[in-house]
Amino acid sequence: MKRLITPITLCLVVIAASAQQKADIEVSYTEYQPNMRTGKIGDVTHNYILLANAGESKFYSPRTEYIDSLNSTPDGKAKYQEMTRTAYLGGKWDEIPSADGRYYVVKSGADNKFIYYDKAGTERFFYEEDIPEHKWEVSDSTKNILGYECFKATTDFHGRKWTVWFTPEIPVVAGPWKLEGVPGLILEADADGGQYRFEAKGIQQTNRTIGPIYLANEYEKTDRIRFLKANRSFNDNPIGSINAQLGGKGISIGPVKDENGEDVSDRLFVPRETVDFIETDY
């Protein structure tokens, strides 16, 4: 690499130190992931935003955050319910407000932590983990993404091999989801086998605040492995898990049949052997 990134990096560090809660860049990404109902690869997409400076970042779905912001106050919750009711009664199904990507990833460089917020079934959980020290292998391969020269790097992380493309032209150590650690912004990331993928769709400078997580007090603290196991338990037996979460009150659903007419009510999601979560080391 023939780029002098140190002076710019130091400049960003100074900026971030003086305004820890302000982002320097805003990046929009599309996440591609498998359909957990069918196992089809790349069948589900979500739109995420990364707000980042030299030490902090937040990766989130703007549509999900909007819904969470409404539901965080009584007035907002009433507005959300009225929006839903109006769209439903008008038969405008596309206008019914719905969440997109469900998780948040917040990075605190000062604490060397990621804080991850997500759901397992109907329950909300969060956990903290140390920012990983990835062992990146950087190659001389390059390609242009959104007008930036990007370099290829690979690493193994939580059960999957990842290939990313990063640009030293934007020397912010950040990227989609939990991927970071190369000397520049990650614009594309692809898990081996193509089951999970992130693509940057736009980049802009910003001074937006890296705000808090709405409804954060409704998330129960856990750890990463326990969360993944809880999520797997739900996928393996969703009706049983929901009934357990409801305190045994019980729900039931009618027969759900696959394309062959077979009743699959007791296995609404494909097994782990067909397609697994983005992290597989549980």
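The largest cavity in this predicted model has a volume of about 50 Å³, where a cavity is a set of points on a 1 Å grid over the protein atoms alone at which a 1.4 Å probe fits but cannot get out, and a volume is the space filled by probe spheres set on points joined across faces, edges and corners. Because the model is predicted, local features need pLDDT of at least 70 and side-chain atom pairs count only at pLDDT 80 or more, while totals for chains, interfaces and linings use all residues. Residues are numbered from 1 along each chain as its sequence is written, and side-chain values use heavy atoms, with hydrogens and water left out.

**Cavity**
- One cavity of 30 Å³ or more is found when the whole structure is searched.
- The lining of the largest cavity (residues with an atom within 4 Å of a point) includes Leu50, Phe59, Val105, Phe114, Trp177 and Glu180, and β3 (56-60) and β4 (104-108) each supply at least two of its residues, strands being DSSP runs of E, at least two residues long, numbered from the N terminus.

**Nonpolar cores**
- The largest nonpolar core has 47 residues, of which Phe59, Trp162, Trp177, Leu185 and Phe198 touch the most other members; such a core is a set of buried Ala, Val, Leu, Ile, Met, Phe, Trp, Tyr and Cys residues joined through side-chain atoms within 4.5 Å, and buried means under 20% relative accessible area with a 1.4 Å probe and protein chains only.
- Strand β10 (residues 185-191) gives the most to this core, with five residues.
- Another core, of twelve residues, lies apart from it and has Ile49, Tyr117, Phe126 and Ile213 among its members.
- Leaving aside neighbours within four places in sequence, phenylalanine 59 is in contact (heavy atoms within 4.5 Å) with residues including Tyr29, Tyr48, Leu50, Val105, Trp177 and Phe198.

**Pocket**
- The largest pocket has a volume of about 760 Å³, a pocket being an open set of points with protein on both sides within 12 Å along at least five of seven lines.
- Its lining comprises 35 residues, and Gln33, His46, Arg102, Asp118 and Lys119 lie nearest the centre of the pocket.
- The largest share of that lining, five residues, comes from α4, helices being DSSP runs of H or I with at least four residues.

**Serine 108**
- Serine 108 has its place in strand β4 and is buried, with a relative accessible area of 17%.
- Not counting residues up to four places away in sequence, serine 108 touches Gly55, Lys113 and Ile131.

Methods:
Buried < 20%, exposed > 50% of the residue type's maximum accessible area, 1.4 Å probe, protein only.
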